Amino acid sequence: MDPFTAFAAAQAPVAGIQKAIKLGKDVNGLVGEFSRFFDARDAVQKAANDAGKAGKSDTARAMEIVMQANQLRESEEQLKHMLVYGGYPELWEQMLRERMKIKQAREKAERIAEAERKKISAQRLFAAQIIGALITVCIMGGLIIMIVKQALDE
């Protein structure tokens with residue numbers, strides 16, 4: 001998803017949440033809207049970290065990323081205020097704690113997967129070195145046998 005589409009997708013749920021709360025809708029019924037906001041916010045961050053777009057200067061791209069990140073921070077702050085001042089302060093705090101647990105678990109899984117990839121890569125390199133050494137020994141042994149055979153024939 002490109003950054004602009006993700007950014008628009010992140011802004012739409014905020015407006016929906018604001019409207020629903022003003023109409024007196026229960027916050028618990030807005031889980032999907034909150035999820036869409038945070039999913040889109042993460043998509044914007046990932047898109048910002050991806051390779052640069054052709055035709056845009058580094059400065060223009062940096063400005064877009066900073067402005068979008070700032071607006072998303074403001075939107076998240078609005079959501080926080082809606083929950084806290086709407087009578088659900090514990091909900092926001094619980095979400096932050098749960099988000100931290102999920103992030104830590106994901107990062108741990110990524111570290112384990114990366115360590116496993118490095119281990120497998122090291123094992124493959126070691127196997128290639130062993131095979132290379134065996135081939136070298138076979139070639140050298142064959143050459144030595146040929147030289148000895150020639151020397152004996154003379």
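## Accessibility and the Glu98–Lys101 pair

A residue is termed buried when its relative accessible area is under 20%, exposed when that area is over 50%, and partly exposed in between. Glu98 therefore counts as partly exposed, since its relative accessibility is 38%. Lys101, with a relative accessible area of 52%, is exposed. These values belong to a predicted model.

The side chains of Glu98 and Lys101 form a salt bridge, with an N to O distance of 3.4 Å. Both residues belong to helix H4, which spans residues 89-153, and they are 3 residues apart, about one turn of the helix.

## Other salt bridges

The model contains 7 salt bridges. One of them links the side chains of Arg41 and Asp42, at 3.2 Å from N to O. Arg41 is buried, because its relative accessibility of 11% falls under the 20% limit. Asp42, by contrast, is partly exposed at 30%.

A further salt bridge connects Arg36 with Glu33, where the N to O distance is 2.5 Å. The two residues lie 3 residues apart in helix H2 (residues 31-49), about one turn of the helix. Both are partly exposed: Arg36 has a relative accessible area of 44%, and Glu33 has a relative accessibility of 22%.

Where does Arg36 make contacts beyond its neighbours within four places in sequence? With those neighbours set aside, Arg36 is in contact with Ala9 and Pro13.

Lys25 occupies the loop between H1 and H2. At 47% relative accessibility, Lys25 counts as partly exposed. When residues up to four places away in sequence are not counted, Lys25 touches Ala20 and Leu30.

## The largest nonpolar core

In soluble globular proteins, nonpolar side chains tend to be buried together. In this model, the largest nonpolar core comprises 18 residues, and those with the most contacts inside it are Ile17, Phe34, Phe37, Leu72 and Leu79. Two or more residues of this core come from each of helix H1 (3-22), H2 and helix H3 (58-85). H1 provides the largest share, with 6 residues.

Which residues does Phe37 touch, not counting those up to four places away in sequence? On that basis, Phe37 touches Ala10, Pro13, Val14, Leu72, Ser75, Glu76 and Leu79. Among these, Leu72 and Leu79 are also listed with Phe37 as core residues having the most contacts.

## The largest pocket

Rolling a probe the size of a water molecule over the atoms shows where empty space is left. The largest pocket holds about 570 Å³ of space. Its lining consists of 15 residues, and Arg41, Asp42, Arg99, Lys103 and Arg106 lie nearest the centre.

H4 gives the most, with 9 residues. How many residues of this lining are nonpolar, polar and charged? The lining divides into 5 nonpolar, 1 polar and 9 charged residues.

## The second largest pocket

The second largest pocket has a volume of about 180 Å³. Its lining is made up of Val27, Asn28, Val31, Phe34, Ser35, Phe38, Leu83, Leu91, Trp92 and Met95. The elements giving two or more residues to this lining are H2 and H4, and H2 gives the most, with 4 residues.

By residue class, the lining of the second largest pocket comprises 8 nonpolar, 2 polar and no charged residues. In the largest pocket, 9 of the lining residues are charged. Phe34 lines the second largest pocket and is also among the residues with the most contacts inside the largest nonpolar core.

Note on methods:
Residues numbered from 1 in each chain as written. Predicted model: local features only at pLDDT ≥ 70, side-chain atom pairs only at ≥ 80, totals over all residues. Heavy atoms only, no water. Salt bridge = Lys/Arg side-chain N within 4 Å of Asp/Glu carboxyl O. Buried < 20%, exposed > 50% of the residue type's maximum accessible area, 1.4 Å probe, protein only. Core = buried A, V, L, I, M, F, W, Y, C linked by side-chain atoms within 4.5 Å. Contact = heavy atoms within 4.5 Å. 1 Å grid on protein atoms, 1.4 Å probe; cavity = no way out; pocket = protein on both sides within 12 Å on 5 of 7 lines; lining within 4 Å. Points joined across faces, edges and corners; volume = space filled by probe spheres on them. Nonpolar A, V, L, I, M, F, W, Y, C, P; charged D, E, K, R; others polar.
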